[in-house]
Amino acid sequence: TVLMELPRELMIWDLDAVRNEFIREEILMTTIPGTVAKRAALLSAYLALLRNDFSTDHNLQLQASVAKQVPSYDEYKTFHPVLASIEQMELLLGNHSPAFRDLLVLRQSLNNEYDSFIESSDKFASLVSREDYLSCRLAVQSRAFQIPGVLPESEIPKSEQEHYSEKIQIDFTNDGVLSIE
(Lines give C-alpha, C1' and ligand atoms only; values in the text may rest on other atoms or scores of the structure.)
Protein backbone atom coordinates (compact mmCIF):
# COMPACT_ATOMS: atom_id res chain seq x y z
CA THR A 1 0.00 0.00 0.00
CA VAL A 2 1.33 3.42 -0.98
CA LEU A 3 0.50 6.02 1.65
CA MET A 4 1.92 8.99 -0.17
CA GLU A 5 4.22 9.37 -3.10
CA LEU A 6 6.34 12.50 -3.15
CA PRO A 7 7.61 13.88 -6.43
CA ARG A 8 11.40 13.89 -6.84
CA GLU A 9 11.37 17.73 -6.82
CA LEU A 10 10.34 17.68 -3.16
CA MET A 11 13.09 15.29 -2.14
CA ILE A 12 16.53 16.52 -1.20
CA TRP A 13 19.16 13.85 -1.74
CA ASP A 14 22.82 13.66 -0.79
CA LEU A 15 23.31 13.29 -4.56
CA ASP A 16 21.88 16.82 -4.97
CA ALA A 17 24.37 18.03 -2.38
CA VAL A 18 27.44 16.58 -4.08
CA ARG A 19 26.24 17.88 -7.46
CA ASN A 20 25.87 21.42 -6.11
CA GLU A 21 28.61 23.73 -7.39
CA PHE A 22 29.14 25.47 -4.04
CA ILE A 23 29.44 22.16 -2.17
CA ARG A 24 31.83 20.79 -4.82
CA GLU A 25 34.06 23.86 -4.79
CA GLU A 26 34.03 24.64 -1.08
CA ILE A 27 33.51 21.60 1.16
CA LEU A 28 33.23 18.35 -0.80
CA MET A 29 36.77 17.25 -0.01
CA THR A 30 36.48 18.04 3.72
CA THR A 31 37.47 15.08 5.84
CA ILE A 32 34.51 13.70 7.76
CA PRO A 33 35.21 10.26 9.28
CA GLY A 34 32.89 7.53 8.03
CA THR A 35 30.90 7.33 4.83
CA VAL A 36 27.50 7.49 6.53
CA ALA A 37 28.53 10.55 8.55
CA LYS A 38 30.02 12.25 5.49
CA ARG A 39 26.85 11.70 3.48
CA ALA A 40 24.71 13.06 6.32
CA ALA A 41 27.06 16.02 6.87
CA LEU A 42 27.04 17.00 3.18
CA LEU A 43 23.26 16.68 3.01
CA SER A 44 22.98 18.82 6.17
CA ALA A 45 25.29 21.48 4.77
CA TYR A 46 23.29 21.60 1.55
CA LEU A 47 20.02 21.78 3.50
CA ALA A 48 21.37 24.70 5.55
CA LEU A 49 22.51 26.51 2.41
CA LEU A 50 19.07 26.04 0.81
CA ARG A 51 17.40 27.26 3.96
CA ASN A 52 19.55 30.39 3.96
CA ASP A 53 18.72 31.26 0.32
CA PHE A 54 22.33 30.90 -0.85
CA SER A 55 21.21 30.60 -4.47
CA THR A 56 18.79 32.46 -6.70
CA ASP A 57 18.47 29.43 -8.99
CA HIS A 58 14.75 28.95 -9.65
CA ASN A 59 15.32 25.20 -10.01
CA LEU A 60 16.13 25.08 -6.28
CA GLN A 61 13.02 26.91 -5.08
CA LEU A 62 11.05 23.75 -4.28
CA GLN A 63 13.99 22.26 -2.41
CA ALA A 64 14.47 25.55 -0.54
CA SER A 65 10.81 25.49 0.52
CA VAL A 66 11.31 21.98 1.92
CA ALA A 67 14.50 23.07 3.72
CA LYS A 68 12.69 25.97 5.36
CA GLN A 69 10.31 23.52 7.04
CA VAL A 70 13.15 22.14 9.20
CA PRO A 71 12.82 23.28 12.82
CA SER A 72 15.15 26.08 13.86
CA TYR A 73 17.96 25.69 16.37
CA ASP A 74 15.84 27.45 18.99
CA GLU A 75 12.94 25.09 18.31
CA TYR A 76 15.18 22.02 18.56
CA LYS A 77 16.75 23.37 21.73
CA THR A 78 13.37 23.14 23.48
CA PHE A 79 13.14 19.37 23.03
CA HIS A 80 16.19 17.72 21.45
CA PRO A 81 18.55 16.02 23.93
CA VAL A 82 21.67 16.79 21.86
CA LEU A 83 21.11 20.50 22.48
CA ALA A 84 20.23 20.19 26.17
CA SER A 85 22.62 21.75 28.64
CA ILE A 86 25.11 19.45 30.36
CA GLU A 87 23.31 20.14 33.63
CA GLN A 88 19.94 19.05 32.16
CA MET A 89 21.50 15.92 30.70
CA GLU A 90 23.16 15.02 34.02
CA LEU A 91 19.92 15.63 35.89
CA LEU A 92 17.82 13.50 33.53
CA LEU A 93 20.31 10.77 32.64
CA GLY A 94 22.99 10.78 35.31
CA ASN A 95 26.54 11.60 34.27
CA HIS A 96 27.65 7.94 34.25
CA SER A 97 24.92 6.51 32.02
CA PRO A 98 25.61 5.21 28.50
CA ALA A 99 22.94 7.57 27.13
CA PHE A 100 24.72 10.58 28.67
CA ARG A 101 28.04 9.52 27.14
CA ASP A 102 26.40 8.81 23.75
CA LEU A 103 24.80 12.25 23.67
CA LEU A 104 28.10 13.94 24.50
CA VAL A 105 29.87 11.99 21.75
CA LEU A 106 27.16 12.81 19.22
CA ARG A 107 27.16 16.50 20.18
CA GLN A 108 30.94 16.63 19.79
CA SER A 109 30.92 14.83 16.43
CA LEU A 110 28.26 17.17 14.98
CA ASN A 111 30.23 20.21 16.14
CA ASN A 112 33.42 18.68 14.72
CA GLU A 113 31.72 18.32 11.32
CA TYR A 114 30.83 22.01 11.31
CA ASP A 115 34.35 22.93 12.43
CA SER A 116 35.80 20.87 9.57
CA PHE A 117 33.56 22.61 7.04
CA ILE A 118 34.43 26.11 8.25
CA GLU A 119 38.13 25.25 8.30
CA SER A 120 37.77 24.23 4.65
CA SER A 121 35.70 27.22 3.58
CA ASP A 122 35.39 30.78 4.83
CA LYS A 123 32.47 31.16 2.41
CA PHE A 124 30.61 28.33 4.09
CA ALA A 125 31.28 29.90 7.50
CA SER A 126 29.82 33.21 6.29
CA LEU A 127 26.68 31.58 4.84
CA VAL A 128 25.87 28.99 7.51
CA SER A 129 26.05 29.54 11.25
CA ARG A 130 26.80 26.71 13.65
CA GLU A 131 23.18 26.86 14.84
CA ASP A 132 21.83 26.59 11.28
CA TYR A 133 24.10 23.65 10.53
CA LEU A 134 23.20 21.86 13.78
CA SER A 135 19.46 22.27 13.22
CA CYS A 136 19.77 20.85 9.70
CA ARG A 137 22.07 18.09 10.92
CA LEU A 138 19.58 17.08 13.61
CA ALA A 139 16.84 17.04 10.96
CA VAL A 140 18.95 14.75 8.78
CA GLN A 141 19.82 12.61 11.80
CA SER A 142 16.16 12.09 12.66
CA ARG A 143 14.24 12.49 9.39
CA ALA A 144 16.44 11.33 6.54
CA PHE A 145 16.25 7.82 5.22
CA GLN A 146 18.21 5.68 2.84
CA ILE A 147 16.62 4.95 -0.53
CA PRO A 148 18.36 1.67 -1.29
CA GLY A 149 19.12 0.10 -4.59
CA VAL A 150 20.49 1.00 -7.93
CA LEU A 151 19.49 4.42 -9.23
CA PRO A 152 18.29 4.61 -12.82
CA GLU A 153 20.69 5.96 -15.45
CA SER A 154 18.25 8.86 -15.93
CA GLU A 155 18.99 9.96 -12.37
CA ILE A 156 22.77 9.40 -12.32
CA PRO A 157 24.90 8.18 -15.20
CA LYS A 158 27.32 5.33 -14.52
CA SER A 159 30.34 7.58 -15.13
CA GLU A 160 29.14 10.03 -12.47
CA GLN A 161 28.56 7.18 -10.00
CA GLU A 162 32.11 5.94 -10.59
CA HIS A 163 33.49 9.47 -10.18
CA TYR A 164 31.92 9.91 -6.72
CA SER A 165 32.93 6.43 -5.66
CA GLU A 166 36.58 7.13 -6.51
CA LYS A 167 36.78 10.78 -5.46
CA ILE A 168 34.81 10.87 -2.20
CA GLN A 169 34.15 7.17 -1.48
CA ILE A 170 30.38 7.52 -1.74
CA ASP A 171 28.90 4.59 -3.59
CA PHE A 172 25.62 5.65 -5.14
CA THR A 173 25.72 2.50 -7.28
CA ASN A 174 25.17 0.04 -4.43
CA ASP A 175 24.07 2.20 -1.50
CA GLY A 176 21.37 4.32 -3.12
CA VAL A 177 20.84 7.84 -1.79
CA LEU A 178 20.20 9.52 1.53
CA SER A 179 16.97 11.54 1.26
CA ILE A 180 15.06 14.08 3.31
CA GLU A 181 11.63 15.44 2.48
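Two residues are said to be in contact when heavy atoms of theirs lie within 4.5 Å. This report applies that term to a predicted model.

**The nonpolar core**

By that criterion, and leaving aside neighbours within four places in sequence, phenylalanine 172 is in contact with Asp14, Leu15, Val18, Arg39, Gly149, Leu151, Ile156, Gln161, Tyr164 and Val177. Phenylalanine 172 also belongs to the largest nonpolar core, which has 54 residues. Phe172 is listed there among the residues with the most contacts inside the core, together with Ile12, Leu15, Phe117, Phe124 and Tyr133. Helix H3 supplies the largest share of this core, 10 residues.

**Aromatic pairs**

The structure holds seven aromatic pairs. One of them joins tyrosine 76 and phenylalanine 79, whose ring centres are 5.4 Å apart and whose planes stand at 45° to each other, a tilted arrangement. Phenylalanine 79 counts as exposed because its relative accessible area, 53%, is over 50%. Elsewhere, ring pairs link Tyr114, Phe117, Phe124 and Tyr133 into a cluster. Of these, Phe117, Phe124 and Tyr133 are also named among the residues with the most contacts inside the largest nonpolar core.

**Aspartate 132**

Aspartate 132 lies in helix H9. Its relative accessibility is 22%, so it counts as partly exposed, the class between 20% and 50%. Neighbours within four places in sequence aside, aspartate 132 is in contact with Ala48 and Asn52. Between aspartate 132 and isoleucine 23 there are 109 residues of separation in sequence and 16 Å in space, taken from C-alpha to C-alpha.

The accessibility values given so far are set out below.

| Residue | Relative accessibility | Class |
|---|---|---|
| Aspartate 132 | 22% | partly exposed |
| Phenylalanine 79 | 53% | exposed |

**The largest pocket**

Rolling a probe the size of a water molecule over the atoms shows where empty space is left. The largest pocket has a volume of about 200 Å³. It is lined by 13 residues, of which Val36, Ala37, Ala40, Arg137 and Leu178 are the closest to its centre. Which elements give two or more residues to this lining? They are helix H3 (35–51), helix H7 (98–120) and helix H9 (130–143). By residue type, the lining of the largest pocket divides into seven nonpolar, three polar and three charged residues.

Key: Residues numbered from 1 in each chain as written. Predicted model: local features only at pLDDT ≥ 70, side-chain atom pairs only at ≥ 80, totals over all residues. Heavy atoms only, no water. 1 Å grid on protein atoms, 1.4 Å probe; cavity = no way out; pocket = protein on both sides within 12 Å on 5 of 7 lines; lining within 4 Å. Points joined across faces, edges and corners; volume = space filled by probe spheres on them. Helix = DSSP H or I, 4+ residues; strand = E, 2+ residues; numbered from the N terminus. Nonpolar A, V, L, I, M, F, W, Y, C, P; charged D, E, K, R; others polar. Buried < 20%, exposed > 50% of the residue type's maximum accessible area, 1.4 Å probe, protein only. Core = buried A, V, L, I, M, F, W, Y, C linked by side-chain atoms within 4.5 Å. Phe/Tyr/Trp six-rings, centres within 6.5 Å; stacked < 30°, edge-to-face > 60°.
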